[in-house]
Amino acid sequence: DMGTGSGSQALTAVEQGCSVTAVDINLQVVQHLRLKARKNNLSLKVIQSDLFSRVKGMFDTIIFNPPYLPQDLGVEDASIYGGKKGWEISERFFAQVPGFLNVQGVILFLFSTLTNKCQIETILRQHLFQWEEVARQKIAFEELYVYKIQKSELLQELEHATAQLFKVRPTEPEMRNYCNEVLHFLHEFQGEDLQTIKHAVREN
């Protein structure tokens, strides 16, 4: 549960029998959630981290309800502002998440029309994800969306090819660096077929 906040989603998942890691950049939030889990005798791993910077492991499901409002001048609140334009934190998340999501894993991502829906979909496309809208709700001056996001077949193929090339298992920590390098490299090959991209990866 990335950006766990109150931890309600993480705690509910633990109560349903899931093994859960809750992550938040705010130390007070982390400390409060650890105490709450202990008081309720729940096994919940809580980490203070800026996105995945201190996270280890691979996950079947990653939930993220990011701060998504565009930054107001002179106001600092990491819990609601997603960057100057509202989507910068989400962009960082999608750049990092492939190295922590299992092959058939799922991301549940909640965002708002205030974040710029077209920009979010552009970011997903650039990082080779496939997605579908699974819920939406209009409230007051915005509309909320929940996307179910998975690695595209192309991204899965590239991760597998990279793992074979470097003779490491895809779940090893080193794989995350290789995957991120491949994704950055791929931006130069938008629209090319899979074999062309694989050849380019091997050549580089």
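This is a predicted model: local features need pLDDT of at least 70, side-chain atom pairs count only at pLDDT 80 or more; totals for chains, interfaces and linings use all residues.
## Overall architecture

The protein contains seven helices and six strands. Read from the N terminus, these elements follow the order α-β-α-β-β-α-β-α-β-β-α-α-α. Of the 204 residues in the protein, 41% are buried. Among contacts with a separation of 6 or more, 58% are made by residues 24 or more positions apart.

Four strands form an open sheet in the order 3-4-6-5, and their pairing is mixed. Strand 3 (59-64) and strand 5 (129-139) stand at the edges; each has a single partner strand, so one side of each is left without a neighbour in the sheet. On average, and with direction ignored, neighbouring strands of this sheet are turned by 15 degrees against each other. Strands of a sheet pair through backbone hydrogen bonds, in either a parallel or an antiparallel sense.

Strand 6 takes part in two antiparallel pairings. With strand 4 (residues 101-112), strand 6 (residues 142-151) runs antiparallel and is joined by six bridges. Within this pairing, Leu-110 has Val-146 of strand 6 as its bridge partner. With strand 5, strand 6 pairs in the antiparallel sense over ten bridges. Here Ala-135 stands opposite Val-146 in strand 6, and Gln-137 stands opposite Leu-144 in strand 6.

Strand 5 and strand 6 form a hairpin with two residues between them. Ala-140, in the turn of this hairpin, has a positive phi of about 50 degrees.

How many of the ten residues of strand 6 are buried? Eight are, so strand 6 is largely enclosed by the rest of the structure.

Helix 3 (residues 88-96) lies across strand 3, strand 4, strand 5 and strand 6. Relative to strand 4, helix 3 runs at about 175 degrees.

## The second largest pocket

The second largest pocket has a volume of about 420 Å³. It is lined by 18 residues, of which Asp-1, Ser-19, Val-20, Phe-59 and Thr-61 are the closest to its centre. Helix 1 (8-15), strand 1 (21-24) and strand 3 each supply at least two residues of the lining. Strand 3 gives the most, with five residues.

By class, the lining comprises twelve nonpolar, four polar and two charged residues.

## Individual residues

| Residue | Relative accessible area |
|---|---|
| Gly-7 | 0% |
| Leu-51 | 7% |
| Leu-128 | 11% |
| Ser-152 | 12% |

Gly-7 lies in the segment before helix 1. With a relative accessible area of 0%, Gly-7 falls under the 20% limit and therefore counts as buried. In sequence, Gly-7 and His-32 are 25 residues apart, while their C-alpha to C-alpha distance in space is 9.4 Å.

Leu-51 is located in the loop between strand 2 (45-48) and strand 3. Its phi is near 50 degrees, a positive value in a residue other than glycine. Leu-51 is buried, at a relative accessible area of 7%.

Leu-128 occupies the loop between helix 4 (117-126) and strand 5. Phi of Leu-128 is near 65 degrees, again a positive value in a residue other than glycine. At 11% relative accessibility, Leu-128 counts as buried.

Ser-152 belongs to the loop between strand 6 and helix 5 (153-166). Which residues does Ser-152 touch, not counting those up to four places away in sequence? Ser-152 touches Leu-128, Phe-129 and Gln-130. Ser-152 is itself buried, with a relative accessible area of 12%, and its contact partner Leu-128 is buried too.

Terms used:
Residues are numbered from 1 along each chain as its sequence is written. Side-chain values use heavy atoms; hydrogens and water are left out. Two strands pair if DSSP finds at least two bridges between them. Axes are lines fitted to C-alpha atoms, for helices over the stretch in contact, and angles run from 0 to 180 degrees between N-to-C directions. Contact means heavy atoms within 4.5 Å. On a 1 Å grid over the protein atoms alone, a cavity is a set of points where a 1.4 Å probe fits but cannot get out, and a pocket is an open set with protein on both sides within 12 Å along at least five of seven lines; lining residues have an atom within 4 Å of a point. Grid points are joined across faces, edges and corners, and a volume is the space filled by probe spheres set on the points. Ala, Val, Leu, Ile, Met, Phe, Trp, Tyr, Cys and Pro count as nonpolar, Asp, Glu, Lys and Arg as charged, and the others, Gly among them, as polar. Buried means under 20% relative accessible area, exposed over 50%, partly exposed in between (1.4 Å probe, protein chains only).
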